[in-house]
Amino acid sequence: MRHVSTLFFLKQTISDYIYTPFSANTLFFLSPFHYHIINYSSIYFHWNRSTMVDTVTITTLDVEETELRLGLPGAGDKKRGFEETVDLKLNLSSKDAPSDQTHFQRENVTDDAKTSSAKPPAKAQVVGWPPVRSFRKNVMARSAAEESAFVKVSMDGAPYLRKVDLKMYKTYQELSDALGKMFSSFTIGKCDTQGMLDFMNESKLMDLLNSSDYVPTYEDKDGDWMLVGDVPWEMFVGSCKRLRIMKGTEAKGLG
Amino acid sequence: MCLSQSVMNYFPEEVLEHVFDFVTSHRDRNAVSLVCKSWYNVEKFSREKVFIGNCYAVNPERLIARFPRLRSLSLKGKPHFADFNLMPHDWGGHVYPWIEAMSKSRINLEELRLKRMVVSDESLELLAKSFPNFKSLVLVTCEGYTTDGLAAIASNCKFLRELDLQENEVDDRKGHWLSCFPESCTSLVSLNFSCLKGEVNVAALERLVARCRNLRSLRLNHAVPLEVLQKILVHAPQLNDLGTGSFTHDPNSETYVKLKNAMKNCHSIRSFSGFLDVNGRCLPAVYPICASLTALNLSYAPGIFSNELAKLIRHCKKIERLWILDTIGDKGLGVVANTCKELQELRVFPSDPYGVGNAAVTEEGLVAISAGCPKLNSILYFCQQMTNAALITVAKNCPNFIRFRLCTLNPIVPDAATNQPLDEGFGAIVQSCKGLTRLSVSGLLTDQVFLYIGMYAERLEMLSIAFAGDSDKGMLYVLNGCKKLKKLEIRDSPFGNMALLSDMGKYETMRSLWMSSCQVTLGACKTLAEKMPRLNVEIISENEGGAGEGEASLDDRDRVEKMYLYRTLVGPRTDAPDFVRTL
């Protein structure tokens, strides 16, 4: 949508000074070459004004990452924030370009941009910018880790699935009650004496496994199907990706 | 002249003192004390509230000698940029010497307000034991203590009315401190522990709230669940200011229904904050109080989606102060503009400071607010992009800004539409807003913006500059033009020795100057320090450990990484750590 072009000049001794724009759509011109910045990481910026030219000194932890790479302009049209990943690979000779990271073709550039946005990009961070107090930053980081955890819940035999937010509950019992309420309409005729299925009751679990009643299972981060109730609640919430209330007869293998 | 003088002297001191009681602002009282010796003395002994903007400008002994009957002290320690990790830890700002001195002199201290200071458990213990009438402790962005210190305050301050901890870094030793309030304590009016990270004894909290019938302000922390909030509200429907802790629960549960009813009963709540952990579906419980809210802080609640926020805000027609995250989006700000006609202060914080984020708010949101909220006078706005046209429009719509702080997430982003620097936009702001006292600029900026600031910002007291300007001229425009400048903080800008040394006397009219990653050299700083003995010029080195080495290798021609200078009556400070060198 909006293009930002910034002019920078590269000094002769590249190892001393490297120029980079900070803004999105990072195009910049080295007469007569066009460079395109793709990824960078862990760079601290110092804005250094010499008498002739605008320069930026970058001190990086990893020398490799400061290489500038030749690329076509306009390849990074997506709007990106200041701390976007930019990979500086000084690649003046085309045959040196590693095949997986060639930036001479527009398509590859955008591919790389896409993959770089898929995984969390290494961020270039100016110390203290944006100016947000560390207290607030910590709260945001903590909150990001604590967002709602909606997982799908399927019950064998039910015509449709439900979704439940695991963050709403503090114990297995609460979850059990909620699931019981949710699926009670499907289990009329199969309820225990209390009128509600009690999934998590240990002693009942054994009865259930041998009967045609239901057993709660979940798929964890590794893709394995586990029996609900073994690990502490917080660990469960952190690792549960979906719930499946299996028919007892099928669940025998999990015991 | 003779006649009026004798008329003045006719008034006995008690009358003068009574008259001075009505003079409350610090500046006015300072002015009063300059009139004549007798007024100086009367004012000196009747002054109860003292504000010290830089704790190193003066020392405890001088304070006590000057105002022996002081009852309320406000102190500020580290400079503003210390909030953003630009100041090494342990730079200073310790409150202990102040408390110790006041304790020894038997000052009848009742209130202590600290900002950006280091507070140790020892200081809190000494505070609690030394001042029998101590009533109010407010700590803003402080650090260095644990909940043991809080326990000391709770146990010993029999008449404690206010304990307000805002955004402090506290080492949590697990919530026993709340139980330290004795059963006889019923005087609490304000309690804010929202920044504490650990569990608190909720039973003790409930009992405390129940017996403090005068409690008006209560801000809970993250660890206090919704069930407890509900019970507290039943005990304290008289609250004016409420900060919730955790606000997530099953909206179908009985607890939630009880909470809704309790909220309906709270007719006095005018200020609301918290939602430290929130489930958007629980928000409707809050709707009944929204209509009378004047202050709302949702800036710690990234979990609320934009549409839920908008729904909530539509209920808040009387809001005067709104702190929010940029998850609200431009559209949400449009809702604010349409609904909140009484809005005076708006702060929009970034929800994802380092993210490769989607454009959360842009210049459109700001323009909408300026158009819809005629009373707007204070803004802090973190945005993805900005344009000159938008700023010019905002300046036209809102000539009443007192504080204008704009922060683009990319510090040198140009005008999003024209690619030009944002000089003209900020120029319009300073030209239009004659009452502007605080300004933060960002985005691509040249010396031109400083020309405008120097020309038009006559009332400006605090200016924050980052990654801006082309040459010394920029800084010179500001120093020459802004007569009322008190605090100037600059980072990563090409200002150097010429600007620093051009008007050295200016710095004695200011509280402080911060320059980091600029072009000033050690030699220039030394020159300044030599010529101006009433300034402390501190050179702060990067590494906290090896400063000795670093210093030796620093030549007069070398650039100084961090310089902090401030006026002072008491010379170089005695508690400076190794990495701080006062020239």
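Modeller: Keep in mind that this is a predicted model. Start with helix H19 of chain B, residues 472-481. Seven of its ten residues are buried, so the rest of the structure largely encloses H19(B).

Colleague: Which residues of H19(B) are buried?
Modeller: Asp472(B), Gly474(B), Met475(B), Leu476(B), Val478(B), Leu479(B) and Gly481(B).

Colleague: And what covers the buried residues of H19(B)?
Modeller: The cover includes two helices of chain B, H18 (447-456) and H20 (497-501). It also includes strands E20 (462-466), E21 (487-491) and E22 (512-516) of chain B.

Colleague: OK, so at what angle do H15(B) and H16(B) pack?
Modeller: About 15°, with the axes 9 Å apart. H15 covers residues 363-372 and H16 covers 388-397. Angles under 35 degrees count as roughly parallel, and H15(B) and H16(B) are therefore roughly parallel to each other.

Colleague: Is their crossing left-handed or right-handed?
Modeller: The crossing of H15(B) and H16(B) is left-handed.

Colleague: Which residues meet there?
Modeller: From H15(B), Glu363(B), Leu366(B), Val367(B), Ser370(B) and Ala371(B). From H16(B), Ala390(B), Leu391(B), Thr393(B), Val394(B) and Asn397(B). The residues of this contact split into six nonpolar, three polar and one charged.

Colleague: Last thing. Which residues does UniProt list for the F-box domain?
Modeller: Residues 11-52 of chain B, in an unreviewed entry. That stretch is 62% helix and 10% strand in the model. Its end C-alpha atoms are 31 Å apart.

Note on methods. Residues numbered from 1 in each chain as written. Chains lettered and ligands numbered in written order. Predicted model: local features only at pLDDT ≥ 70, side-chain atom pairs only at ≥ 80, totals over all residues. Heavy atoms only, no water. Buried < 20%, exposed > 50% of the residue type's maximum accessible area, 1.4 Å probe, protein only. Helix = DSSP H or I, 4+ residues; strand = E, 2+ residues; numbered from the N terminus. Contact = heavy atoms within 4.5 Å. Axes fitted to C-alpha atoms, helices over the stretch in contact; angles between N-to-C directions. Parallel < 35°, antiparallel > 145°, perpendicular 65-115°, else oblique. Left-handed = near helix turned anticlockwise from the far one by under 90°. Nonpolar A, V, L, I, M, F, W, Y, C, P; charged D, E, K, R; others polar. UniProt positions renumbered as here; feature names shortened; annotations may be inferred.
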